[in-house]
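Here is a friendly walk through a two-chain model. Have the sequence and the 3D view open as you read.

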Amino acid sequence: MGEINTSRRQALKQGSATAILGMFVAAGLVRPGTAHAAWNQAAFSVKGVDNVVKSLGGAGTAATKDISWGSTPEIAENGAVVPISVTSNIPKTESIAILVDKNPNTLAASFTIPPGTDPNVSMRVKMGETSQVHALIKADGKYFVATREIKVTLGGCGG
Amino acid sequence: MADPMRIRAKIEGDKTIVRVLMAHEMETGQRRDAAGKVVPAHFIQEVTATHNGKTVLSAQWGPAVSKNPYLQFQFSGAKAGDKVVISWVDSKGDKRTDEATVAA
C-alpha cells in the first residue's frame with residue numbers, strides 16, 4: 001500500500017479556522033462570501049490605523065467627535081485589563097472597531113452592529129504601554145475615527 | 001471544552017442589556033513561560049450573539065482582547081423569556097456556545 005498522504009492531515013492540525021475554510025473553498029465545498037466571513041487575519045496583523053482600514057476594505061477615514069467613550073478611563077492601572085466603552089452617535093453605524101496604536105498589532109477587536117442593536121460596546125483590551133486608542137466607526141459605508149490617549153502604568157502584554 | 005460563559009440578559013427600558021464573561025486564556029503568542037519558552041497564541045477569534053435565531057452582534061477579535069473576555073452590548077426587540085445565545089470560535093478551532101434567558 002502506498003504511503004498515507006500526511007500533508008492534508010498536517011494542514012488540518014496546524015490550520016486556523018481560516019486555513020480550514022480556505023481548504024473547503026479550494027475544494028469547492030464552500031463558496032467564499034456565502035459562509036460567514038472568515039477571521040480577517042490581515043486586519044489583525046498590520047500596524048497603524050490606515051493599514052487596518054485598508055485591510056477592512058476602506059479607503060480612508062474622517063476624524064469625528066461623534067462618539068462617547070463612556071466609562072473608558074484616561075489612566076489604566078493594569079494594562080492587561082483596560083475597560084473600553086464606545087458608543088457611536090453617527091447615524092447608520094454598521095461597525096465599531098477598537099485600535100491601539102502602540103500594541104504589536106493595532107486592531108484589537110471589531111464588532112458588526114446589525115439593525116436593532118445599539119452602536120455601543122463595552123469590553124476590555126490589553127495595552128502594552130500608554131497609547132492613543134482609536135474607535136473606528138463604519139457608518140453608511142464610510143469610516144470615521146475618534147481618538148483618545150489612555151495612560152498605562154503597568155503594561156499588559158506580559159513581556 | 002472551555003468553562004461555560006456567564007451571560008446575563010436583562011430588560012432595561014426598551015432595550016435588553018447583555019453582559020457576558022467568557023473563560024479563555026487569550027494568549028497573545030508574545031509571552032514566555034517560566035522556562036523561557038514562548039507560549040503559543042491561543043485566542044477567541046469570532047463571537048456571535050443571536051436572539052431568537054437572529055444575529056444581534058458579531059465580532060472578530062485579536063489576541064489584544066483581555067484574558068477572560070468581558071463583553072456588554074444592548075439591543076431592542078426582546079421580551080422576557082426569549083433566548084440569547086452567545087458562541088465563540090478560537091484560533092485552534094475550539095468552540096463554545098452558551099445561552100441565557102432574557103430576564104424582566
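Two strands pair if DSSP finds at least two bridges between them. Strands (E, at least two residues) and helices (H or I, at least four) are DSSP runs, numbered from the N terminus. With that in hand, look at where the chains meet: strand β6 (residues 107-112) of chain A and β4(B) run antiparallel and are joined by four bridges. S110(A), for instance, has Q60(B) in β4(B) as its bridge partner.

A word on the ground rules. This is a predicted model, in which local features need pLDDT of at least 70 and side-chain atom pairs count only at pLDDT 80 or more, while totals for chains, interfaces and linings use all residues. Residues are numbered from 1 along each chain as its sequence is written, and chains are lettered from A and ligands numbered from 1 in the order in which they are written.

How does chain A look on its own? Chain A has three helices and nine strands, and from the N terminus on they run α-α-α-β-β-β-β-β-β-β-β-β. A residue is buried if 20 or more other C-beta atoms (placed from the backbone) lie within 10 Å of its own, exposed if 12 or fewer, and partly exposed in between.

| Chain A | Value |
|---|---|
| Mean pLDDT | 85 |
| Residues with pLDDT of 70 or more | 74% |
| Buried, of the 159 residues | 34% |

Be careful with residues 28-35 of chain A, where pLDDT stays under 50. Where pLDDT is low, the predicted coordinates should not be read in detail.

Back to the meeting of the chains. Two residues are in contact if their C-beta atoms, placed from the backbone, lie within 7 Å. The contact takes 32 residues from chain A and 30 residues from chain B. On the chain B side, β3 (44-51), β4 (54-61) and β5 (70-76) each supply at least two residues.

A nonpolar core is a set of buried Ala, Val, Leu, Ile, Met, Phe, Trp, Tyr and Cys residues joined through C-beta atoms within 7 Å. The largest one has 58 residues, and A109(A) and V65(B) are among those that touch the most other members. Beyond four places in sequence, A109(A) is in contact with residues including V125(A), W61(B) and V65(B).

Finally, R6(B) lies in strand β1 (residues 6-12) of chain B. R6(B) counts as partly exposed because it has 14 C-beta neighbours inside 10 Å.

Terms used
pLDDT is the predictor's confidence in each residue, from 0 to 100.
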